[in-house]
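Dear colleague,

Please find the structure below, followed by a summary of what was found in it. I would be grateful if you read the two side by side.

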Amino acid sequence: MALLEVHDVSVRFGGLAALSEVELAVESGVVTGLIGPNGAGKTTLFNVITGLQRTNTGSVRFAGTDITTMKPHRRASLGIARTFQRLEVFGSLSVRENVLVAAEMRRHRDADRRPAQEIADALLERVELDQVADARVDTLPTGTGRIVELARALATAPRLLLLDEPSSGLNQHETEALSRLLVDLVNDDLAVLLVEHDMPFVMSTCSYIHVLDFGTVIASGPPATVQADPSVIAAYLGDDQPARVTSPPTAPHTRLGPADSPALVLRDVHAGYGNIEVLHGIDLAVGTGEVLALLGANGAGKSTLLKVLSGQITPRAGEYELFGTAVNGAGPDALARAGLCTIPEGRGIFRNLTVLENLRMLTHTGGDFGAVVERAFAQFPRLAERPRQTAGTLSGGEQQMLALARALATDPHVLLLDELSMGLAPLVVEELYEIVAAIARGGVTTVIVEQFAHGILHVADRAAIMLHGRIEEIGTPSDVAAELASVYLGDR
Amino acid sequence: MLSQRFARSVAQRAYEIVDDRSLAALTGARPERSSMLAWALSCSLAATAGILIAPDATLNKAALTLLVIDAFAAAIIGRLRSLPLTFAGAILIGMVKSYSATFLVLGGRWFGLQSALPAVVLLVALFFVPYDRIEARRSTMSHRLFRVPRLREAALGFLLIALTMIAASYVLGDVEGLNRLTAVMTTAVLLLSFVPLTGWSGQVSLGQAVFVGVGFWAFGTHFAHTGNVAGFGRAALVAAVAGALVALPALRLRGLYLALGTFAIASAAGQIFYTQSGVLQNEIEYTRPKLLGFDLADQRTFLVFCCVMFGVVGLALVAVRRSRYGRRLIAVRDSPAAAATLGVNLTVAKLAVFALSAAVAGIAGALIAMDQLVASSQNPILNPVTGLSMLLFVVIGGVAFTSGAFAGGVFSELIDFVKMHLTASPFAGVFKTFDDVAPAVAAVSVLTNPDGIAGSCSKAFGRLLPWRRGEPVEHDPNAIGDVGGAGVTRGFTRDDVESMDRRLGVPVPLRIGIDGDRPGSLVAAALDGEV
């Protein structure tokens, strides 16, 4: 019998099925991988296992005990520990104190009767944090914070360790050390469930892999089987194989090349958050009416680049020009009024407002409410059927339609889309892309960010691949498509 | 009609901003302007309400402040979400109030229940509010951390405070001076109760007055008869139990709502609890006993006793903060989700810190009763509105420090002194209303210096201590980074320049461009014509 058994678990957030009928088992003594595109439900599943998220149906069993409704701290005392994708360190405590808090919680669970101080110090040495043991955690870089979380989880002497993207923010040396540590741990009969985007790391560390897509397990098996599974490749790259990418659909108007009159120009742009620089010098020109697809794995800097374009982040260095005017430092509201329409990652809608109230928001940039509603409902009859429904309870696809209504109804000059396809079924995504293509045909300059290729290469005039905060590759969709597999599935 | 449309549009914008501020900006809305409009609308609504209740209400700071309880009770019935339910709740509370005034004749011990009805309704409604889901994201509380002193250091600090007070008692040797110095110390002990609750675990309570009252009662009934100082332990214990009881409904709330909830509890306690026979219905009178041969009836001896109590309670708190329990408190504040998944029971942790804080307030109550030789329900310290200024004083003093409680005590007494004594000066008019204005002024000072007096002192003078010289300086993102040698032995890095620009407030377009990879210096930049 497996140590952890997830049986028939479903979780719904309003109209969005985050997990549906998930079946999964984790054995002791091996590293089990959990992979899948952004928004597939991996973190939600972790929250279900640790008790931070209630399930709608299904059960979770740990070491033979049903823990489905158990409180988080009780599960921890049974021996479940985790790390978080978005750091959840105790920022105002020192590294040693972070580990101590955990070590002091382990109480009577094991034979290890050493004082907590000793356990903590031994662990810090093991993960090579002894040099920074007395530093406050929120003064340390993200990568170090991840190792602190790992050490903290280990200090509770868990039987099952859940790791949520432990390698992001780590350098090559640290990632290798992490890999060695995981091997050591499972040799001590620990069970590890690993969520990770770094494919070479996953493929070399895990002995068994579950693939999650749209909240459903689409494949399970040893790494080699999963890597070759057609449904996995489809989930990561879209249903179409790169070879079948054709030229974009018929363009009724003459498309302008980037050299003609660029709508958006970035010159050597550096940007980031706090002490961390994410973009290390971006040069980019997008011609008027052009559709640019911006692709790349998690953490490549795509969303940051889009935030620079929408004015949410001011570049630290470099220039940003919009239709020939320098707009460095202009706020998002000013740019929105200048004709920039941004649909951010994860449903660009106000979840607690009704459909009509959401549409009313579109009149901030000028425009008649009646006309906006008329155009939106004409394009999306499904929205017209439920004008007074709260937006958060719409289905995922309907929510994105509502977000797209903004692009349709306000006649923007530039449209910025961040991960439109996240967590949506392929058919819905296809439908949405057709709408985007229609908008672009009207001469709207469009930049669309996607983590995975899906069908976006049909719609784009050009595509770019981002890697580590730089634009790695830019060219026609078919050129870029050829590069994609190696970037995503980890041959690089 | 016009105003309704306008109100609707403002309300919607305000709602959008609450929903998602950055998304609102992306649609071209101007969040700052909408916030201003929402405030303006809310203030004008309050003014309209003021006109309507003017025939019934007196223009009195305390009475008008207490109105917030009625409003909050209605809002809780509406689950802080539904406008129609809130309206229904408000109608219910209004009806209950006016019908009870006419038809509910309560004599004797339940006399006060009538005016406490809104608070009682609130407490009942609170039990139907679901517990917050644990959020898997970091709390927005600022993570400023302050150095935790070693026990020996803290003991030295408390000794220093005691010596200062004793020296001061010889300078201000008259009766009033001694009384004021004693009041500084009793207030300081009371303010200590905020240190674990607000300073360490980030929860706000305006209801500490309740536990002072409990301290009065638990200490008084025992001590007044026996003269036994063990009454302090009794006061702490009973107050701790009361604290845990109060925390049960309050734990469902956070932040501002928690503050309002505890405020309501304090006001209800004033009207229902203190009036019970055997509690504070009758005044309790004390005589100070002899303790280990020292006669506490002597005011200076009693001052020393207060200093000792402050030191003992303060040291106990520092010991708690240094223990595993203290670490756990900070952990729960910094990341509830992580703490829960490590096995920390969040409910127990929060209950415990409420109980600890209440115990300290109970001890303070006992001390205050002993100082004033009489405990009565009319004592101004039990007024719920006092809870507001207490919180303010301790924040000014530095709420994360035990020494901050002392600084807050001094500050509180200073304000009282100025108000009482500068009546003859040309600014007498200003000083007369000083205690009304001072909190607002102080609030502004807190915004500019969230560390409080104690925090600033610790930073400024801490390095003078020989054993603290080697400590790393707290990381301040606005501080000038280590530019040692830059421009002379090594080039300026981008970080050097950025930190200097930030510090000097250089506007973005004027910032010097420095190529991160190219070694250079200000001089080289000047030669290149970049400056």
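B:Ala29 lies in the loop of chain B that runs between helix H2 (21-26) and helix H3 (31-53). Please note that this is a predicted model. B:Ala29 has 23 other C-beta atoms within 10 Å, and because 20 or more are required, this residue counts as buried. From B:Ala29 to B:Gly409 there are 380 residues in sequence, and the C-alpha atoms of the two are 46 Å apart in space.

The two chains touch each other. To this contact chain A gives 52 residues and chain B gives 37 residues. On the side of chain A, the elements that supply two or more residues are helix H1 (42-50), helix H2 (72-78), strand E6 (80-82), helix H3 (95-103), helix H11 (332-337) and helix H12 (355-360) of chain A. Sorted by class, that side of chain A comprises 20 nonpolar, 18 polar and 14 charged residues.

Chain A has 492 residues, of which 51% count as buried. Its secondary structure consists of 18 helices and 20 strands. Among contacts in chain A with a separation of 6 or more, 70% come from residues 24 or more positions apart.

E17(A) pairs in the parallel sense with strand E16 (residues 340-343) of chain A over four bridges, and A:Leu415 has A:Cys341 opposite. Five bridges also join E17(A) to strand E18 (residues 445-450) of chain A, again in parallel; here A:Asp418 stands opposite A:Val449.

How do H3(A) and helix H4 (residues 116-126) of chain A cross? Their axes come within 9 Å and cross at roughly 125°, which means that H3(A) is oblique to H4(A). The crossing of H3(A) past H4(A) is right-handed. H3(A) contributes A:Val95, A:Arg96, A:Val99, A:Leu100 and A:Ala103 to the contact, and H4(A) contributes A:Ala116, A:Ile119, A:Ala120, A:Leu123 and A:Leu124. By class, the residues of this contact are nine nonpolar, no polar and one charged.

Yours sincerely

Key:
Residues numbered from 1 in each chain as written. Chains lettered and ligands numbered in written order. Predicted model: local features only at pLDDT ≥ 70, side-chain atom pairs only at ≥ 80, totals over all residues. Buried ≥ 20, exposed ≤ 12 C-beta atoms within 10 Å, placed from the backbone. Contact = placed C-beta atoms within 7 Å. Nonpolar A, V, L, I, M, F, W, Y, C, P; charged D, E, K, R; others polar. Pairing = 2+ DSSP bridges. Axes fitted to C-alpha atoms, helices over the stretch in contact; angles between N-to-C directions. Parallel < 35°, antiparallel > 145°, perpendicular 65-115°, else oblique. Left-handed = near helix turned anticlockwise from the far one by under 90°.
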